[in-house]
Amino acid sequence: MARASGPKKLSSLGTFLLVSVLAGMLIAGLAIPAAAMVGVSSNLVSTTLTELPVELETPPLPEPTTIYLADGSPMVQLYDEYRTLVSLDQIAPIMRQAQVAIEDDRFYSHGALDFKSLVKAVLTYFTSNDGGGGSTLTQQYVKQVLIEKAMSNPDLSAEERQAQIDAAQARTPARKISEMRMAIALEKRLTKDQILENYLNIAYYGDGAYGVEAAAHHYFNTTAANLTLAQSAMLAGIVQTPNRNPREDLPGALERRETVLNRMAEVGVITQEEADAAKLEGFDPAQIQYAQNGCANIEDKAYIQVCQFVVNTLMKNEHLGTPDSAALMSNLRLGGYSIQTTIDPVKQHATQDAISARIAGGDPVKASMVIMEPGTGRVIAAAQNRQDIATDALSPIENYANGRTDYQYFAPYGYGIDEGAQAGSTFKPFVAAAALNAGIPPSTRFNAKSRMVFGVNEDFRACDGAPSKPTAEWPVSNTSPSGVMDMYGGTANSVNTYYVQLEKLVGMCAAVSMARDVGVVTDPSDSSKPTVMDYQYYPSFVLGTAYTSPMQMAVAYSTFAARGVKCDPVVVASIKDRDGADIPTPNGNCQQVIRPEVADAVNAVTGRAFTSGTAVGWGVSDGRAMSGKTGTTEEGHDSWLIGFAPNIVGVATVGVDSNPAWDEFWASRGPNGKDLTSLRLPVSGTWLNGLGAADAGPMWQAAMNVAVQDLPEVPFTKPSSDVLNGKTVTPPSTSGMSPTSARAALEAAGFFVSEKQIYDSSAAGSYLGVGECQKVLGGTCYLLYSQGPRPEPTPTATATPAAPVTPPATTPTER
């Protein structure tokens with residue numbers, strides 16, 4: 001006899017016997033009174049079934065962390081599951097009814113288990129080997145929680161996570177009985193409304209939307225509270241088959257919506273007329289909203305790299321987890337934090353636009369800018385030419401050519417920067433600050449010749465008393481005016497030979513210590529590179545040969561602007577957890593590191609950069625006074641412009657990108673072509689010339705013109721007379737010395753030596769000794785030489801006085 005092709009139909013007696021046996025098995029397996037199976041009051045359920053994971057009561061459902069700009073507008077969200085938790089009263093009643101109708105229409109009338117549905121499901125299982133169906137909404141919620149726990153556990157491997165997810169959905173009697181036990185215990189602790197609220201928040205509605213609020217926003221650009229009948233029915237139908245959603249499968253989603261509407265009419269929630277009307281409503285794909293998950297996916301590219309800097313900063317916060325760990329990142333993506341940043345959207349866009357107008361992302365250079373608030377360390381804006389995050393789908397050169405990088409060129413070390421850049425002459429104010437702090441006044445003069453050679457025996461004085469000398473004869477040249485000048489002139493025109501002499505006078509120890517104290521940091525992760533303090537043995541320090549970052553230079557110059565108060569960079573203003581509680585975050589650690597009077601004098605010494613110095617013509621358009629300094633490395637490798645006022649600091653830089661991805665480009669320029677000199681950028685077409693103001697000035701000016709618009713003009717504090725006059729010192733005795741010996745003794749004591757001729761009875765050219773000396777460090781002493789006796793006056797005829805001449809109404813030509 002042929003075997004029947006379909007399942008064999010059970011007789012009425014067989015059905016009765018099967019159900020009876022099943023009931024006995026379930027009661028034994030569950031170890032509960034049979035009353036619980038048919039909805040009898042839950043206070044009859046055995047207390048042994050109340051022991052379940054507490055997460056089933058109030059599961060900490062994953063929520064996105066939102067990062068906000070300074071004006072409160074969102075920058076980005078970080079999440080593994082796009083979800084916004086809402087209470088039941090924030091969900092439209094029709095949405096609640098739709099979900100209950102299609103999932104468990106007897107939800108409010110049965111207990112944790114629905115014996116009627118369960119028997120039907122068991123019969124189906126034994127007759128067709130289909131183990132589906134029969135679960136109450138409470139049971140479905142239990143399963144969702146177990147799946148969610150596995151998905152959000154950062155300690156699980158991918159294999160362990162999948163195994164737990166599979167176990168939570170396994171169609172086995174053992175798993176089903178365990179689920180039932182937990183459902184019974186859950187209903188003993190939570191009300192039906194609480195369970196429904198939790199279910200609507202945990203359910204997956206397809207296409208990355210978790211929970212009904214996120215689904216309402218994603219598919220319909222509305223809230224759960226405002227969902228219509230047609231919208232509610234469509235969402236309710238997605239849960240059982242998440243891939244049949246209106247974005248991925250609109251026909252399937254409409255079919256499921258019809259099923260839900262029919263069921264709602266069948267159970268009396270709506271009329272058939274209402275169901276038919278809702279079926280006629282269409283769906284507009286244009287209303288779908290896409291959440292921006294993660295920095296790399298931000299549509300507004302001005303925020304991508306500064307967003308990554310914010311995330312890198314959060315990854316250091318020990319109050320969010322173990323710094324730089326996968327667990328901390330998981331916490332950020334699941335924890336529902338609200339992160340308030342200091343980034344001003346207007347100034348951020350202005351900064352990005354200023355860079356992008358000059359330097360393209362695919363150009364073989366790095367360009368970046370930072371704007372900071374002195375006295376707080378608040379980062380107002382930070383941008384660079386490569387705006388996108390690198391992707392594994394592209395090769396290194398393809399990433400760079402397409403404006404992509406994993407580096408944040410503006411960041412401090414340890415927060416996303418690459419190797420950094422040499423800062424050139426922007427280091428000179430650190431030597432000036434050291435000199436002023438030591439009592440060397442800004443009136444200190446040197447004969448800054450156009451070229452000077454410093455020998456191997458010239459000691460620049462390191463901290464430990466060891467000699468700090470050039471390793472070979474060190475020729476230093478100027479591209480700027482030369483001759484006798486004071487600190488103002490030497491700074492405004494960035495005169496190398498002036499500053500090397502000043503560095504020698506104050507000593508390397510004082511110079512590098514000052515740089516360290518005001519905030520200069522070199523790469524601490526690369527042991528092959530010198531630290532800031534290691535440069536006490538390198539006199540070239542004053543010319544900016546150390547590698548550092550734009551953010552650290554902003555910190556250092558902010559220290560001057562804030563009258564000696566140094567603050568660490570602050571880009572995260574506050575953090576709140578999902579309950580609104582504050583999470584500690586670094587506040588800048590602001591400290592007074594140099595005397596206010598010294599900072600005031602530095603601000604004055606650097607005050608001529610935009611009016612008569614190397615940055616002339618690049619000041620802000622409203623004409624407010626700002627101090628500043630340009631920087632250019634000796635090889636034309638990097639160009640800088642730093643300008644500041646008491647309430648704002650801007651640092652702009654552009655330099656050669658030494659990443660190996662660009663080796664072929666630089667090789668094409670010849671053996672000495674890896675510099676910015678006479679470089680026409682291949683993508684943007686911008687010409688660079690390897691000079692600080694010309695290369696970085698246009699970016700700085702364009703960004704700062706916008707950045708200062710809402711800021712009052714705040715004048716610098718005038719330097720005190722004590723600092724301007726310097727520290728009084730007594731010149732050494734030079735009695736009986738030759739002019740050569742006297743010069744050497746005075747220079748060794750820190751004096752500038754000049755020569756002066758006076759009338760004297762001695763023969764012309766005779767050395768007379770040391771005359772007038774300014775009794776301060778760096779003061780000028782004169783070696784006196786005779787120019788012979790004063791000649792007798794020659795009688796002259798009385799002349800008619802000339803008419804007075806009116807001077808021309810012009811000012812001296814400014815360089």
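Two strands are said to pair if DSSP finds at least two bridges between them, and the elements themselves are DSSP runs numbered from the N terminus, with helices being H or I runs of at least four residues and strands being E runs of at least two. The model described here is predicted, and for this reader it matters that local features need pLDDT of at least 70 and side-chain atom pairs count only at pLDDT 80 or more, while totals for chains, interfaces and linings use all residues. Residues are numbered from 1 along each chain as its sequence is written, and side-chain values use heavy atoms, with hydrogens and water left out.

β16 and β17 form a hairpin with five residues between them, and G636 in the turn has a positive phi of about 70 degrees. Five of the six residues of β16 are buried, where buried means under 20% relative accessible area, exposed means over 50%, and partly exposed lies in between (1.4 Å probe, protein chains only).

| Strand | Partner strand | Bridges | Bridge partners |
|---|---|---|---|
| β3 (residues 338–341) | β13 (residues 572–576) | four | T341 and V572 |
| β4 (residues 365–373) | β18 (residues 648–656) | eight | V365 and V656 |

Helix α8 (residues 212–220) has eight of its nine residues buried, so the helix is largely enclosed by the rest of the structure. These buried residues are V212, E213, A214, A215, A216, H218, Y219 and F220, and they pack against α2 (93–103), α7 (192–202) and α9 (229–238), a contact being heavy atoms within 4.5 Å. Just after α8, N221 takes a positive phi of about 55 degrees.

A nonpolar core is a set of buried Ala, Val, Leu, Ile, Met, Phe, Trp, Tyr and Cys residues joined through side-chain atoms within 4.5 Å. The largest such core has 108 residues, and those with the most contacts inside it are F430 and M553. Its largest share, eight residues, comes from helix α20 (residues 550–561). Not counting residues up to four places away in sequence, F430 touches A511, M514, A515, V518, V520, M553, A556, Y557 and F560. A second, separate core of 57 residues includes A203, A215, A230 and I270; A215 is also one of the buried residues of α8.

Across the protein, the secondary structure comes to 25 helices and 23 strands, and 50% of the 815 residues count as buried. Among contacts between residues at least 6 apart in sequence, 70% join residues at least 24 apart.
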